[in-house]
Amino acid sequence: MTFGKIVTTLAVIGALAGGGYLFIEKRQTEAIQAERMEAAKPIAAPAVTVSKVTTNDFVETAVVSGSLIPREEILVSPEIEGLRVLQLLADEGDRVKKGDILARLVSEQIDAQIAQNQANLARSVAAIAQAESQIAQAEAQAKEAAAQLERAEPLKKSGYLSGATYDQRESAARTTAAQLVAARDGLTAAKADKAQVEAQGRELQWRRSNTDVTAPQDGVISRRNARMGALASSIGEPMFRIIQRGEIELDAEIVETELKNVKVGQKAVVSVPQIGDFEGKVRLVSPEVDKTTRLGRVKIFLGSNPQLRIGSYARGLIETARSRGLGIPTSAVTFDQGTNFVQLVIDNKVKKQAVRLGLISGDLVEVKEGLNNSDLVVTRAGTFLRDGDTVRPVMPEAKLSEVR
């Protein structure tokens, strides 16, 4: 390569290097200008999900759980002891009426005692008749002896009657009088014997009538413990257990904090797994709270329903309060220094607003003061928003079920 070519090549390389430096400087200038333009643009307001204040029905409920029990349970035991069970005429699940025969006991022994009592009664009647005849005889003898004594007194005074004869007549009068008293006492004793025999007869008749074990009230038999051939006894388990009128109720536990809101007569819905829901009413609220578990007790009356089985687990919702008013999501409420607040959105500006709350129903809370219908509040209130912040309110999309 000649010297001239070398000089020409170096000149070209230098020219290219100078152009590269100019290109880099131009790109840097353009980037700086773009950053300045971006900074000069206004910052877009953040999007915030809001909810509209609407009018709703609020139902406050208390949750309870427990077991189904009879409203009243009747224990049927035999009135008389020691007799064997001859027949069983009712079984578990049977619906019975008052007076229906549930079981029969062996009565031959009592029948024999009744026959013997009737014989004793006839003997007592005969004894009374005999005592009455003895009284009549004693009265006649006493009357005759008294008359003879009365006639003897003037004769004795005149000397026509000896003292010995007078003494005999006086003794006869006293004897016949004593015999009359004895006869009358005999009649009293005979009548007492008859009364005793009659009382024994009434007892035997009562025992005979109670060899039929009957239902004292209408109801449903929940358990039968009686067995054929067994000795009837009132000790231990009763022969039958009856749910009076078939009425069932839920004996449930409730937390102490909710017990104060429950009152007798409030409506309730009781859910029994695998069966369904049943309407009920609070019948009793216990005045006692268990000091260990801090649970109270309530009883919800459900009435008679063949689907309900005592002993089953059930869960209840008691309606403790109901109202209609303005409602917002519970997530829209914040608590600060003893006061409830929401974040209102007015003209795309955030405003902190104090509110007074009412009932809570599901995910909605009632607002009694502080808001108006159709106001917009931040659905999920938080600390990242302040009064005066500019926001872009966004309403949540309607659910498919709501659109339909």
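The second largest pocket holds about 310 Å³ of space. Fourteen residues line this pocket, and those closest to its centre are G93, V220, I243, L308 and R309. The model is predicted.

**The pocket lining**
- Strand 8, residues 219-224, gives the largest share of the lining of the second largest pocket, with 3 residues.
- By class, the lining of this pocket has 7 nonpolar, 5 polar and 2 charged residues.

**The nonpolar cores**
- The largest nonpolar core has 22 residues.
- Those that touch the most other members are V76, L102, L105, I221, M239, F240 and I242.
- At least two residues of this core come from each of strand 3 (73-76), strand 4 (85-88), strand 6 (101-105), helix 2 (108-158) and strand 9 (240-244).
- Strand 6 supplies the largest share of this core, 3 residues.
- A second, separate core has 21 residues, including I243, V272, V282 and L302.
- In soluble globular proteins, nonpolar side chains tend to be buried together.
- Which residues does F240 contact, leaving aside its neighbours within four places in sequence? They are I74, L75, V76, L88, A90, L102, A103, I221, R223 and R224.

- G66 lies in strand 2, residues 54-70.
- G66 has a relative accessible area of 14%, so it is buried; the cut-off for buried is under 20%.
- The C-alpha atoms of G66 and A252 are separated by 4.0 Å, while the two residues are 186 residues apart along the chain.
- Leaving aside neighbours within four places in sequence, G66 is in contact with L250, D251 and A252, and also with S312, Y313 and A314.
- T379 is in the loop between strand 19 (376-378) and strand 20 (392-394).
- T379 counts as buried because its relative accessibility is 15%.
- Leaving aside neighbours within four places in sequence, T379 is in contact with T49, V50, S51, P329, S331 and A332.

**A helix residue**
- D167 sits in helix 3, residues 163-209.
- Its relative accessible area is 44%, so D167 is partly exposed.
- D167 and L149 are 18 residues apart along the chain, and their C-alpha atoms are separated by 9.0 Å.

**Two residues with positive phi**
- R245 is a residue other than glycine, and its phi is positive, near 55°.
- The loop between strand 9 and strand 10 (247-255) holds R245.
- R245 counts as partly exposed because its relative accessibility is 42%.
- Q337 is not a glycine, but it has a positive phi of about 50°.
- Where is Q337 found? Q337 is in the loop between strand 15 (334-336) and strand 16 (339-346).
- At 77% relative accessibility, Q337 counts as exposed; exposed means over 50%.

**The whole chain**
- The protein chain has 5 helices and 20 strands.
- Of its 404 residues, 29% are buried.
- Among contacts with a separation of 6 or more, 76% join residues 24 or more positions apart.
- The accessible surface of the protein chain is about 25800 Å². Carbon and sulfur atoms account for 52% of this surface.

Notes:
Residues are numbered from 1 along each chain as its sequence is written. This is a predicted model: local features need pLDDT of at least 70, side-chain atom pairs count only at pLDDT 80 or more; totals for chains, interfaces and linings use all residues. Side-chain values use heavy atoms; hydrogens and water are left out. Helices (H or I, at least four residues) and strands (E, at least two) are DSSP runs, numbered from the N terminus. Buried means under 20% relative accessible area, exposed over 50%, partly exposed in between (1.4 Å probe, protein chains only). Contact means heavy atoms within 4.5 Å. Accessible areas come from the Shrake-Rupley method with a 1.4 Å probe; for residues, only the protein chains shown count as cover. On a 1 Å grid over the protein atoms alone, a cavity is a set of points where a 1.4 Å probe fits but cannot get out, and a pocket is an open set with protein on both sides within 12 Å along at least five of seven lines; lining residues have an atom within 4 Å of a point. Grid points are joined across faces, edges and corners, and a volume is the space filled by probe spheres set on the points. Ala, Val, Leu, Ile, Met, Phe, Trp, Tyr, Cys and Pro count as nonpolar, Asp, Glu, Lys and Arg as charged, and the others, Gly among them, as polar. A nonpolar core is a set of buried Ala, Val, Leu, Ile, Met, Phe, Trp, Tyr and Cys residues joined through side-chain atoms within 4.5 Å.
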